[in-house]
Amino acid sequence: MIDDGSTDSSRMIYEKFVHTDKRFVSYHQKNHGVSGARNKGLDVAKGDIIVFLDSDDMIFPVFLEHIVQLFEEGNDLICFSAVNFKENIQCADICEDIFEVSVEKYTPEKLIENLLYHRQQLSITRSAYRREKYPELRFRKELHICEDVIMLLEILVLCTDEIPFVKTKLYGYRLHKQSLTHYGNWRKKLTGLTAMNIMEDILLDHDIYMEKAFISRRMNSMRLIYKSIPWKERRERNIVWENIRKYRKTVITDVQAQKAERLAAVVSLCGQRVYRFVLFLAETVR
C-alpha cells in the first residue's frame with residue numbers, strides 16, 4: 001500500500017492491516033501524484049503478478065482468485081472489465097455471488113484496436129501482468145491523462161499470444177463528482193496532447209499503426225480536454241480546437257468509431273460555441 005502524502009486518517013487504517021497481516025506492506029511518501037505512487041509500488045513490488053487498486057476503487061471477493069487461475073494457465077497479461085459505481089455506494093451494494101467467470105481471448109492487434117476505439121475501457125489499471133516479463137515498465141509522470149492507457153499499449157505491442165479478457169465484472173470503478181467538472185485541473189489535462197503524440201510514436205515504431213482507430217482515440221481525448229478549458233483561455237482552447245477540426249471528417253466517416261465521437265465531430269462543424277454548448281448539455285443530461 002502506497003500512502004502518497006495523505007493528510008487524513010488513512011495511515012491509521014492501513015497500519016492495522018500491516019500489523020495484523022504480513023501480506024500487507026505499506027510505504028509513506030510525500031505527494032508525487034498518481035503516477036508517482038504507482039511507480040513507487042512497482043519499485044518495491046516483489047510478487048509475481050502486478051495488479052493495481054486505487055484507494056477509492058474496489059475488487060470483488062473472488063477477483064484475485066480468478067486472476068491467479070488465469071496466470072496459472074500460462075498467461076503473461078490479463079485484461080478485465082469493471083463496473084462503474086457512484087461514490088456513495090458501498091461494496092456490499094454491488095457485489096454479487098459469482099460462481100462462473102466469462103473469459104474471452106483476443107489477439108494483441110484486436111485489443112489495440114479496441115483500446116484505440118475506446119471499447120472495453122481498456123487501461124493498465126484494468127489489467128494484470130507478470131512482473132518479471134515487464135520489469136522496467138513505469139508510468140510517465142509528466143502525463144496527467146492517458147498515462148494508464150499508454151502503459152497498457154506498451155505491453156500490447158510486445159505481445160504475440162492471445163490475451164484473456166475477463167468479461168465478468170469483478171472490479172469496481174468509483175465515479176466522483178469532481179471527475180465530471182469542466183474546469184478542474186484543465187492545465188494538467190493539456191498533457192493529453194503529448195500523450196497522443198507518444199501513443200502515435202509507439203504504434204509507428206512497432207509497425208501497427210491503425211490510422212482511423214488512432215484518430216478516433218485522439219478525438220476522444222481532444223473532446224475531454226476541450227470541455228475542461230475555460231472559455232477565456234483562448235490560446236490553449238484554439239490549439240485543441242485545431243486538432244478537432246483537422247481530424248473530425250475522418251471520425252464522421254468512420255463507421256467503427258463510437259457514436260458519441262461521430263456525433264461530437266458532426267456538432268463541431270457548427271463552430272466552437274455550439275460545440276461547447278452541446279458538450280456541456282450532454283454532461284448535464286448524463
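I took helices (H or I, at least four residues) and strands (E, at least two) as DSSP runs, numbered from the N terminus. The model is predicted, so I kept its limits in view: local features need pLDDT of at least 70, side-chain atom pairs count only at pLDDT 80 or more, and totals for chains, interfaces and linings use all residues. Residues are numbered from 1 along each chain as its sequence is written, and side-chain values use heavy atoms, with hydrogens and water left out.

**Entry: two loops**

I looked up D207 and found it in the loop between helix 8 (191-205) and helix 9 (211-228). Its phi is positive, near 55 degrees, and D207 is a residue other than glycine. Then I went to Q120, in the loop between helix 5 and strand 8 (127-130). Q120 is not a glycine, yet its phi is positive at about 65 degrees.

**Entry: helix 5 and helix 6**

I fitted axes as lines to C-alpha atoms, for helices over the stretch in contact, with angles from 0 to 180 degrees between N-to-C directions. Helix 5 (residues 108-116) and helix 6 (residues 147-156) have axes that come within 10 Å and cross at roughly 160 degrees. That makes the two helices roughly antiparallel. My angle words are these: under 35 degrees is roughly parallel, over 145 roughly antiparallel, 65 to 115 roughly perpendicular, and the rest oblique.

For contact I required heavy atoms within 4.5 Å. Helix 5 brings P108, L111, I112 and L115, and helix 6 brings V149, L152, L153 and L156. I counted Ala, Val, Leu, Ile, Met, Phe, Trp, Tyr, Cys and Pro as nonpolar, Asp, Glu, Lys and Arg as charged, and the others, Gly among them, as polar.

**Entry: helix 11 and its neighbours**

Which residues of helix 10 meet helix 11? I listed W241, I244, R248, V251 and I252, facing E261, R262, A265, V266 and S268 in helix 11. The contact divides into six nonpolar, one polar and three charged residues. The axes of helix 10 (residues 234-252) and helix 11 (residues 259-268) come within 9 Å and cross at roughly 120 degrees. Helix 10 and helix 11 are therefore oblique to each other.

Next I checked helix 9 against helix 11. They pack at an angle of about 65 degrees, with axes 10 Å apart. The pair is therefore roughly perpendicular. S216, M219, N220 and R223 in helix 9 meet E261, A264 and A265 in helix 11. I sorted that contact into three nonpolar, two polar and two charged residues.

**Entry: the second largest pocket**

I searched a 1 Å grid over the protein atoms alone, where a pocket is an open set of points that a 1.4 Å probe fits, with protein on both sides within 12 Å along at least five of seven lines. The second largest pocket holds about 180 Å³ of space. That volume is the space filled by probe spheres set on the points, which are joined across faces, edges and corners. Its lining has 14 residues, and D76, Y134, C159, T160 and D161 lie nearest the centre. Lining residues have an atom within 4 Å of a point. I noted six nonpolar, three polar and five charged residues in the lining.
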